[in-house]
Amino acid sequence: MPPDTFDYPAMLRVLLNHQVEFIVIGGVCAMLHGSSMGTVVVDIVPARHEENLKRLQAALTELHAYYREHPPGRILPNAERLNTTGHHLLMTSAGALDILGTVAGGIGYNDLIDSTVDVELEPNLRITMVTLPMLIQLKQETNRAKDRLALPILRQLLQRAQNDIP
Amino acid sequence: MLNKEQEAEIQEMEKEVDTTLLDWMLSLTPMQRLKVAERYAEAAWRLQNAPRHVRLSCDAASSAEPSS
């Protein structure tokens, strides 16, 4: 069962406190860019080197993470399991968290890091997310129905940013 | 990648984007936007895990014809 209340800032703070290298993508990234389209999970792409995956495992332990398609506690994420290009659909004490080894047919952390921007949510809570043009590119390449639905809004936002409309 | 038909459909949908909602989102701080995302997700998960009669009443409410 998911927790009664979600706490995204707490989730991100735990990841940052454990010095996990990750990039926020997907719906939450879109909303941080100004999209009005809701989403039900936080999507992140972590760096998949050994040290980072150990830090990620420690953060996930603190967040009581489990694979949400299985009963709580049945299967727990660990560094070895997380070292894949696949998607890990987790529930945590702070909300649903998807950990994506790669996106859009093989794009990983190292491919995305040059197309990111840092956002300060509050003092000492600074996250890295993909830029709006990269988010649009990922949505176009992934090309599922829900990605296509998000595109009109994201393109409007990009147009506003380019025209410097507040 | 998008095919021609999908691209045309998205371009058509761009004209129908509710810009007042974008204005509202853009008026918020990044933390406030994150909290909007959090509240949306919380409500969606709560509904998904709600007893069936609650979900049915929500379905009925969302599909009800507006009164004239």
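A residue is called buried when its relative accessible area is under 20%, exposed when that area is over 50%, and partly exposed in between, as judged with a 1.4 Å probe on protein chains only. By this rule T92(A) is buried, with a relative accessible area of 2%. The structure is a predicted model, in which local features need pLDDT of at least 70 and side-chain atom pairs count only at pLDDT 80 or more, whereas totals for chains, interfaces and linings use all residues. Residues are numbered from 1 along each chain as its sequence is written, chains are lettered from A in the order in which they are written, and side-chain values use heavy atoms, with hydrogens and water left out.

The model scores ipTM 0.93 and pTM 0.90. For chain B the mean pLDDT, the predictor's confidence in each residue from 0 to 100, is 84, and 75% of the residues of chain B reach 70 or more.

T92(A) lies in strand β4 (residues 87–92) of chain A, where strands are DSSP runs of E of at least two residues, helices are runs of H or I of at least four, and both are numbered from the N terminus. The side chain of T92(A) reaches the backbone nitrogen of A94(A) at 3.0 Å, and the backbone oxygen of G95(A) lies 2.7 Å from a polar atom of that side chain. T92(A) and P2(A) are 90 residues apart in sequence, yet 7.4 Å apart in space, C-alpha to C-alpha.

Chain A gives 42 residues and chain B gives 30 residues to the contact between them, contact meaning heavy atoms within 4.5 Å. The two chains bury about 3,200 Å² between them, 69% of it on carbon and sulfur atoms; buried area is the accessible area (1.4 Å probe) that two parts lose on being put together, summed over both. Three salt bridges are found across this interface, each being a side-chain nitrogen of Lys or Arg within 4 Å of a carboxyl oxygen of Asp or Glu. One salt bridge joins the side chains of E14(B) and R155(A) (3.4 Å, N to O). On the side of chain A that touches chain B, the largest share, ten residues, comes from α7(A).

N143(A) lies in the loop between α6 and α7 of chain A and is buried, with a relative accessible area of 17%. Not counting residues up to four places away in sequence, N143(A) touches R148(A), M1(B), L2(B) and Q6(B). The backbone oxygen of M1(B) lies 3.1 Å from a polar atom of the N143(A) side chain.

Technical notes. A polar contact is a pair of N or O atoms within 3.5 Å; within protein, one must be able to donate a hydrogen and the other to accept it, and residues adjacent in sequence count only if both atoms are side-chain atoms.
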